[in-house]
Amino acid sequence: MGEAIPIVEMRNIRKSFGGVQALRGVDLVLHHNEVLGLVGDNAAGKSTLMKILSGAYIPNEGEIFIEGKKAHIINPWDARRQGIEMVYQDLALANNLDVAANVFMGREAVSVKLGPISIMDEHHMGQETQRLLDRLKIDISSVRLKVESLSGGQRQAVAIARATAFNTKVTIMDEPTAALSVAAIGKVLDLVRELKAQGCSIIIISHRLEDIYQVSDRMMVLRHGRKVCDTPVAGDIDDFRERVVAYIIGARDDFAEGVSKQPNNEHEEVQDIVH
Amino acid sequence: MSTRRFKISFIKDVNKILRQNIREWGMYIALLVIMAIFTITTKGVFISSRNIGNLINQTGYIAVLAVGMTLVIIIRHIDLSVGYLSGFLGAVAATAMVSWHLPVYASIALAVALGVLAGIFTAFLVAQMKIPAFVATLAGWLGYRGALQLVTMSKGTIVIPNAAFNAIGNGYIPDIPDIGILPGVHKLTLILGVLVILLFIINAINNRRKMRAYNFEVLPMHLFIIKLVFVSALVGGITWVLAGYKGLSWTTVVVLIVVLVYNFIMSRTVLGRHIYAVGGNPEAAELSGISVKKITYVIFGSMGMLAGLSGILFASRFKSATTTAGTLFELDAIAAAFVGGASASGGLGKVTGSIIGALVMMSLTSGMNLMGIDISYQYIVRALVLVAAVVFDVATRNREKE
Ligand SMILES: Nc1ncnc2c1ncn2[C@@H]1O[C@H](COP(=O)(O)OP(=O)(O)O)[C@@H](O)[C@H]1O
Ligand SMILES: [Mg+2]
């Protein structure tokens, strides 16, 4: 089992924004049908790492392999073609459109094409969206409701459903439980479990260790743009929390030693931003 | 007893629906109130066939601008340049016919094509150079004003002698031959009006059925019927008034075609959906693979094209191009878009709404002219209407968010 080719492998990813080194050589592995938790303090580089995988940012250095094959991901479309979808932290939904329109945003079903004008197949999109919501057990009364009239939890569910709608292999969720009520958090975590049960591979970023503990198989910690811990999620929640918090706040830093020696900060060059 | 309970629930329904749909219905209410006030203050002159016919013809050149402006506002921009651009392009069409002896069709095509180019140039400044649209188009406002004065400099006013061209702004569609019934009434106009009402009813019933299939809360049956009757009566009334004068003008035909085409694009096509998506959340649209730049080019290109059309309608109506053509059109178009339900925060607005908004603005102008109100007060009233529309937008948006 350990020999199986991972669905995603990122190697030595580096990314700077002007003088800020957001990522300083990070490796990441995600196995088939695995839920990986990604934690770390604010500005640790979690979102940046995931935006590189989803094609929103281009890394300065590093390689990405999808199912063992080297992938060139330079925009969200490349990532999407590889089956990678991301639910962004600030919810990439258009509030003025209804649920179905959001699920199909950018990939509208077309019934008739007249030159540059494509007529939408609303019926198909409505039905497919309804089927998707049913499959994921998402409770929204109508796919014709505008997203702005939904609750925070329902919006998050729509964003996740949208990300898993089109033969997605890997779903990335950036802080899906931030700013939600306790009940809504429970529903989102149920949704993550449901997706795993249906065979998805998932990376979930969260501040809330108990969320990660509940749904993840493995967890990795980023600190100042570096991976400081990569461990299976097991054992008692209190032990788990204590151990992980030590890595998050930097009280413990024994991971990098011997595994992959990082150069000192002074030696790292300040790289120009690549657009 | 049960009728009383029905009455109470009916009033509750109306109240609730009005609250929920105040954005959509507010403009119809505003239009009716304005029309009623002017009808009273002018002792019925305002509602006469002749005045309504003229009013609708005057609305034409603002209405096409308002349609384009609504789209611009949907994607969170503004275009201040369209007034003088419209005036300038009308003058170009006039010059093409009078000085260069181009045929009518070529002159119209030239003005419209130049309009598209002007719009693409604006889009270049906005999308490529990242200049705020109000600055880029303020420059356009100044530039096209200068260009208009250059074109009309030698004569001051370019008189257009071409009858076919002038018919666009002054002519009416022909009638079917007299068959003895309804003498003195424009029968083709009546037939078209009835067709429009039928299409509207069929479309509304279809939509209602579809929305119900999706579990979507629709208007209760009695309110739905009231809405159908209300809109049918409005269209029927206008048709009857027009048929009593000279019938449907060519200007109205042009406006109706623009409305039909734009409404179709905005509600049924992928392009329209992408425009709303960009207006609702540009970052999300971009991440979904929609090119915000491309949409910006399309929207400003269409705005320029409609400015060309507006310039032609105006020049044709006054059978000439003047140095002041297009002055303040942009204000009326922007006000029309906001009165018609477009939102300053983007993503909201309908083509049909902008036409109602344009009717509101032109009713104000026409009514105040009939009442002999001084132009200085007219400016102030129009400014207040613009402010009121935006305040209404902000207030209803805030309430919806709660
Ligand atoms: N688009 C950007 N431009 C400039 N700096 C950025 C950008 N995105 C992220 N950063 C910087 O990179 C660092 C890591 O940010 P981020 O990945 O968002 O952290 P996290 O998601 O772990 O809180 C931060 O210092 C942040 O300010
Ligand atoms: Mg983040």
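In the predicted model, the side chains of A:Arg218 and A:Glu34 form a salt bridge with an N to O distance of 2.8 Å. Because A:Arg218 lies in strand β11 (residues 218–223) of chain A and A:Glu34 in the loop between β2 (20–30) and β3 (35–40), this pair ties together parts that are 184 residues apart in sequence. A:Arg218 counts as buried, at 12% relative accessibility, and A:Glu34 is likewise buried, at 9%. Through shared partners, salt bridges join A:Glu34, A:Arg218, A:Lys227 and A:Asp230 into one network.

A further salt bridge within chain A links A:Glu85 to A:Arg80 (3.1 Å, N to O); A:Glu85 is buried, with a relative accessible area of 5%, and A:Arg80 is also classed as buried, at 15%. A:Lys196 pairs with A:Asp217 in a salt bridge whose closest N and O atoms are 3.1 Å apart, and here A:Lys196 is partly exposed at 24%, as is A:Asp217 at 30%. Over all chains, the count comes to 21 salt bridges.

Between chain A and chain B, the count is one salt bridge, in which B:Arg273 meets A:Glu122 with the closest N and O atoms 2.7 Å apart; the two chains also share 12 residue pairs in polar contact. On the side of chain A that touches chain B, the largest share, five residues, comes from α4(A), and the residues of this side divide into 18 nonpolar, eight polar and seven charged. The contact takes 33 residues from chain A and 27 residues from chain B, and the area buried between them is about 2300 Å², with carbon and sulfur atoms giving 61%. In chain A, the residues that lose the most area to chain B are A:Asn96, A:Met120 and A:Arg144, together 22% of what that side buries.

Terms used: Residues numbered from 1 in each chain as written. Chains lettered and ligands numbered in written order. Predicted model: local features only at pLDDT ≥ 70, side-chain atom pairs only at ≥ 80, totals over all residues. Heavy atoms only, no water. Contact = heavy atoms within 4.5 Å. Buried area = accessible area lost by both parts, 1.4 Å probe. Salt bridge = Lys/Arg side-chain N within 4 Å of Asp/Glu carboxyl O. Polar contact = N/O pair within 3.5 Å; in protein donor to acceptor, adjacent residues only side chain to side chain. Helix = DSSP H or I, 4+ residues; strand = E, 2+ residues; numbered from the N terminus. Nonpolar A, V, L, I, M, F, W, Y, C, P; charged D, E, K, R; others polar. Buried < 20%, exposed > 50% of the residue type's maximum accessible area, 1.4 Å probe, protein only.
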